[in-house]
Amino acid sequence: MTISNYHAITLIITSLGLGISSGASAAPPPGRLLASQCAQCHGTDGRAVGDMDSLRGESAGEIYDELQEMKYSAKTNDIMHRQAKGYTDQQLWLIATYYAGLSNRGGSGSNTAAGTGDHEEDDDD
Amino acid sequence: MNSISRRHFLKLAGATTALIAASPTLKAQALPGRVVVVGGGFGGATAAKYLRHWGGGGIAVTLVEMNPNHVSCILSNLVLNNSLSLPKITFNYEALKSKYGVTVVQGQAVGVSGKQLLLGSGSSLPFDRLIVAPGIDFDFQAIGVRDPANVLHAWKAGPQTLQLRDQLRNMTAGNSFVLTIPPAPYRCPPGPYERACLVADYLKKNKPGSKIIVLDANPGIVAEKETFTKAFTQTHLGVVEYHPGVVVTAVNALAKTITYTENGLSRTLTPAANQGKVGILNVLPPQTAGRLAFNLGLVPAGQKWAPVNALTYESAVVPGIHVIGDAQSTPKPNTGSGQPKSGHIANAEAKVCADAILRAFAGEGPDPAPMTNSSCYSPITASTASWLTATFAYDASNNATMVAVPASAGEASAPTSDNYEEMFDWAANLFADTFA
Ligand SMILES: Cc1cc2nc3c(=O)[nH]c(=O)nc-3n(C[C@H](O)[C@H](O)[C@H](O)COP(=O)(O)OP(=O)(O)OC[C@H]3O[C@@H](n4cnc5c(N)ncnc54)[C@H](O)[C@@H]3O)c2cc1C
């Protein structure tokens, strides 16, 4: 997230002016903690730097299919083929839908900045 | 994912920001939680960032770090052979402040009194939860060091990294580089072997007749065994002299003398021509949790690390204080391997800890099935690298701890130049996810 982005979104939220102060008192979205463990290599909220693959912009189906392919392939001389073998299918699906959700919203996973996008989509395939 | 509940959640969270932004005077009342984080390395910086990123304006986060910048140990071995300069791996806290609203205090944490963190300056910081990530300290006594201040370890990156680089540059060809490896667990299991490889590679090219003598306290190579065995016996054949199972008994760092026993025999290496021609004595002393963990009573008597709960990283000794990174130890699994002390894992632990703290503020229990992972590239020469990776899953039935998933754990089949290039992409993302 760029700084100007941050301020713009904060302004929008501020202008809503809702007087609710429940803050963090809600369950975190499912998949968020799991998905954050990809960020060491694929960037905070799936925005990678350099030549690493960004996970943003991919649909849940795309991410899930790739992860499945790596998990069930016999190949082991590749970090992601190894990593994918560490997760259950259900966990991989949670990760995939979490990233797809961020992309769909144009959000950042941040409580201070997300929730302003208007495209909610169901998980595709 | 249930998008309706998530949208609802985000709306609520956004509203808190609005309240705070609109009326700063309400801030103190509206805040559900104050977290103080000590240590701005891979563990602490990540925790501070994600608490704000996820917790939003509702969580006040203060990061206490004694230095103005953090010099990354990761990639620091590449400074020794002049492949990287120190500024390339030096990070400040500007992004944590400006992008995430973390309050950064430069100072040294010295103790706790009730729910206040005490700083060396005499001031104190109130907290609801405290996270400590002070990294490691050294046990010089265990190996009979006469002059700890003169020990050149370069195992905390910074001025010592440059000192070691310069000594290597200036070493007389034909002299030896002596590297000692402490008993596991220590910071970065493959790190010492990686250093041995890079130094060997450098010596071959720049110091004809020189060799590196590796004195390892462990019974054998601790990590990436196949990779490093091959590197020592083939790639760097004749330049690396590897001695496992060594017990160091005396060190005089300034005089560059070291005494050790191997297979029951005692031997001393010195700069003298007939005693090993020591040109550089690079001692990695046995390690413990950072001093602060001891000061806060987080390390039980006779132990070296701060035991924590693997779901929350809350201290097993002092409630309300969490420990992440190299200083902590999750319970040892009954079978299988536990988490290593690495920067990648410190970052992973920080997220599990931040998530658990946010849930606790919301009156909820922690995620019952956290995952972490470690990936790490090790340069073997100035243009090739290997890697090591594993994911760790919480296992309630295996001593309630994080355990490597066997199918996920492995090392590269061979060091390659592609791996060497990928190493910089991996590091850039880890650095960004931690500091930016
Ligand atoms: C040569 C080398 C190579 C490595 N390579 C890799 C690698 O490739 N991949 C990998 O994942 N890991 C690697 N590591 C390991 C990695 O650097 C550590 O595991 C990681 O830094 C641990 O993070 P931490 O937050 O626990 O401690 P640190 O990153 O050391 O941070 C601790 C911070 O706390 C501060 N601090 C301490 N006490 C106080 C106090 N009382 N008050 C205020 N501030 C305090 C310190 O100044 C420091 O900034 C390597 C290490 C070395 C030495």
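Helices here are DSSP runs of at least four residues, numbered from the N terminus. With that in hand, we can walk through this predicted model, starting with a pair of helices in chain B.

Two packed helices are described by the angle between their axes and the distance between the axes. Take helix 3 (residues 42–55) of chain B and helix 10 (residues 343–361) of chain B: their axes are 8 Å apart and meet at an angle of about 35°. Their crossing is right-handed. On the side of helix 3 of chain B, the residues making the contact include Phe42(B), Gly43(B), Tyr50(B) and Trp54(B). From helix 10 of chain B come, among them, Gly343(B), Asn347(B), Lys351(B) and Asp355(B). Sorted by class, this contact has ten nonpolar, five polar and two charged residues.

Now let us turn to the ligand. It is surrounded by 33 residues, and the closest are Gly43(B), Glu65(B), Arg187(B), Asp326(B) and His344(B).

In the side chain of Glu65(B), an N or O atom is 2.7 Å from an oxygen atom of the ligand. The backbone also takes part: an N or O atom there in Gly343(B) lies 3.0 Å from a nitrogen atom of the ligand, and one in Ala133(B) lies 3.5 Å from a ligand oxygen atom. The ligand taken alone exposes 1,000 Å², of which the protein buries 95%.

Finally, have a look at two loops of chain B. Most residues other than glycine have a negative phi, and most peptide bonds are trans. Between strand 11 (176–181) and helix 7 (191–206) of chain B, the loop holds Pro185(B), which is joined to Ala184(B) by a cis peptide bond with omega about 0°. In the loop between strand 12 (211–216) and helix 8 (225–235) of chain B sits Glu224(B). Although Glu224(B) is not a glycine, its phi is positive, at about 50°.

Terms used. Residues numbered from 1 in each chain as written. Chains lettered and ligands numbered in written order. Predicted model: local features only at pLDDT ≥ 70, side-chain atom pairs only at ≥ 80, totals over all residues. Heavy atoms only, no water. Axes fitted to C-alpha atoms, helices over the stretch in contact; angles between N-to-C directions. Left-handed = near helix turned anticlockwise from the far one by under 90°. Contact = heavy atoms within 4.5 Å. Nonpolar A, V, L, I, M, F, W, Y, C, P; charged D, E, K, R; others polar. Near = heavy atom within 4 Å. Polar contact = N/O pair within 3.5 Å; in protein donor to acceptor, adjacent residues only side chain to side chain. Areas by Shrake-Rupley, 256 points an atom, 1.4 Å probe, with all protein chains shown as cover.
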